[in-house]
Amino acid sequence: KSANPQWREQFDFHYFSDRKDMLDIEVWRKDNKKHEELLGTCQVDITALPMKRTNCLELPLEKHPGSLLMLVAVAPCTGVSISDLCVCPLGDPSERQQIAQRYSLRNSFRDIKDIGFLQVKVLKAVDLLAADFAGKSDPFCVLELGNDSLQTHTVYKNLNPEWNKVFTFPIKDIHDVLEVTVFDEDGDKPPDFLGKVAIPLLSV
């Protein structure tokens, strides 16, 4: 019951330069649990924002009265990355050598917090559950390690999707568990669960 709401919520997104550069925002109103109405939309061009500083933006809502006030900070993403299979970080012999030196016995106590990193190649899934009426699914894969969460693109109308992506995570706790979950994209509705596997780091 407010025309001037204050949320004061913070959201963190992993932003990669090979993704689309627009942040899409929608403002909705709720009458009750069932009825919702779109109050307006706006977009932020991430590439136009200066790095390493907090940008205060007042964004007018498109085709609707009102505006949205928000703070957006773009900072370098350290440790976490997504790349295609053909350019995976550990595929370069010189980079492997640098990594071996970085985590050698001699350098064990140089940076106590730098435990290491995990690289996961997500190749494909086979014989997934059909979540759509047409006997197909629109699967994507989500990887979670600690507080980091990354996901593949969606492969539409396919029960045997191939993603061929490489995910790199910094390891903050050697007792963490890598959780890999496959979902079916379902438009505006929450995605359907297609399966999950949990891999303790200590078992790798």
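A surface patch here is a group of residues with over 30% relative accessible area and no salt bridge, in which nonpolar side chains are joined within 5 Å. In this predicted model, Ile115, Ile174 and Leu202 make a nonpolar surface patch of about 260 Å².

Ile115 is partly exposed, with a relative accessible area of 37%; because that value is over the 30% cut-off, the residue can count towards a patch. Ile115 sits in the loop that runs between helix 1 (93–102) and strand 6 (116–124).

Strands of a sheet pair through backbone hydrogen bonds. Strand 6 and strand 9 run antiparallel and are joined by 8 bridges. Within this pair, Gly116 is placed opposite Ile171 of strand 9.

The elements named with their residue ranges are listed below.

| Element | Residues |
|---|---|
| Helix 1 | 93–102 |
| Strand 6 | 116–124 |
| Strand 9 | 162–171 |

An unreviewed UniProt entry places the feature "domain: C2" at residues 1–59 and 93–204. Over residues 93–204, the chain is 9% helix and 46% strand. The end C-alpha atoms of residues 93–204 are 22 Å apart.

Note on methods: Residues are numbered from 1 along each chain as its sequence is written. This is a predicted model: local features need pLDDT of at least 70, side-chain atom pairs count only at pLDDT 80 or more; totals for chains, interfaces and linings use all residues. Side-chain values use heavy atoms; hydrogens and water are left out. Patches are made of residues with over 30% relative accessible area and no salt bridge: like charges are joined within 9 Å, nonpolar side chains (Val, Leu, Ile, Met, Phe, Trp, Tyr) within 5 Å. Accessible areas come from the Shrake-Rupley method with a 1.4 Å probe; for residues, only the protein chains shown count as cover. A salt bridge is a side-chain nitrogen of Lys or Arg within 4 Å of a carboxyl oxygen of Asp or Glu. Helices (H or I, at least four residues) and strands (E, at least two) are DSSP runs, numbered from the N terminus. Buried means under 20% relative accessible area, exposed over 50%, partly exposed in between (1.4 Å probe, protein chains only). Two strands pair if DSSP finds at least two bridges between them. UniProt positions are given in the numbering used here, feature names are shortened, and annotations may be inferred rather than shown by experiment.
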